[in-house]
Amino acid sequence: MPIPFRVLMFTSLAMLAFAANSLLNRIALSETDIDPASFTLIRLASGAVLLWLLHALKTPAHTLSARPAGSWISAFSLFIYAAGFSFAYLSLTAATGALLLFAAVQITMMAVALWRGERMTIWQLAGFVLALAGLVVLLLPGVSAPSWQGAILMLTAGGAWGIYTLRGKGAKDPLQITAGNFLRAVPMAVVCCLIAGGTHLDRLGVIYAILSGGIASGVGYAVWYSVLPLLTAMSAATVQLSVPVLAAMGGVIFLSESVSARLLIASAAILGGIAVVLWFKPVPQPEQNRGRQ
């Protein structure tokens, strides 16, 4: 059954917002004086404000709770993602950062599924190995290899986001929970700023951080969560393959970044391998493994 136009439009808007996060982070840290710790703090704070306002608009006033939703563990995962994401973009291009992030998110979720006892088909296993091989190709030493420090930070950010996603799976009110987690992550970002040794701000950098938190994150997540129930699990997972591609296109257009042959080959292997894993259905779990979930 074809996806309705309205669902397709909002899904595309959400993917553009996710790709915009990479571009806004990269532009701010390469072309303004804002530091990554301050960018992270402003992004989380503006995201918390906008997500809470969106939640308040759709919730009767008498049912609003003063206590933030979510959990400190999820908030910590969110903070690690946001901080790692920003610090990584000191040395990564928008395309490479988005590809590493997406690969880490998906591989983390696949690894957790395997640990919980889910079995892969031979095709899924081949896709998983292909994705890992693409990651190795991208990170192999060479002229066009990304910075190791940046790569490790972005892979850590992706792993944290994968854990955050798994913890929030099946939430009854994802908008409220996400708003609460953003709010809980703010004091962690404040501590990060203090440890980093102060803040470096400029007007344009602050604007980019607010756009990243309030629009690309806040509105992006709100749109995504509104359309997610209307998509099949396969469609929802597959459509996210577009995010690194959109980020790469944006990097070329807005930042004049070049796309190397290594990045193209690694992208084809990583995204192709993940697509194979998503396309083929997993082997049903044995009864004795289900209790481990």
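At 13% relative accessibility, glutamate 257 counts as buried (under 20% relative accessible area, with exposed meaning over 50% and partly exposed in between, using a 1.4 Å probe and protein chains only). This is a predicted model, where local features need pLDDT of at least 70, side-chain atom pairs count only at pLDDT 80 or more, and totals for chains, interfaces and linings use all residues. Residues are numbered from 1 along each chain as its sequence is written, and side-chain values use heavy atoms, leaving out hydrogens and water.

**The salt bridge**
- Glutamate 257 pairs up with arginine 26 in a salt bridge, and their closest N and O atoms are 3.6 Å apart.
- Glutamate 257 sits in the loop between helix 10 and helix 11 and arginine 26 in helix 1 (residues 5-31), so the pair ties together parts that are 231 residues apart in sequence.
- The count comes to 1 salt bridge, taking that as a side-chain nitrogen of Lys or Arg within 4 Å of a carboxyl oxygen of Asp or Glu.
- Arginine 26 is buried too, at 16% relative accessibility.

- Serine 256 is exposed, with a relative accessible area of 65%.
- Its phi is near 55°, a positive value in a residue other than glycine.

**Helix 10**
- Isoleucine 253 belongs to helix 10.
- Isoleucine 253 is exposed, at 59% relative accessible area.

Methods. Helix = DSSP H or I, 4+ residues; strand = E, 2+ residues; numbered from the N terminus.
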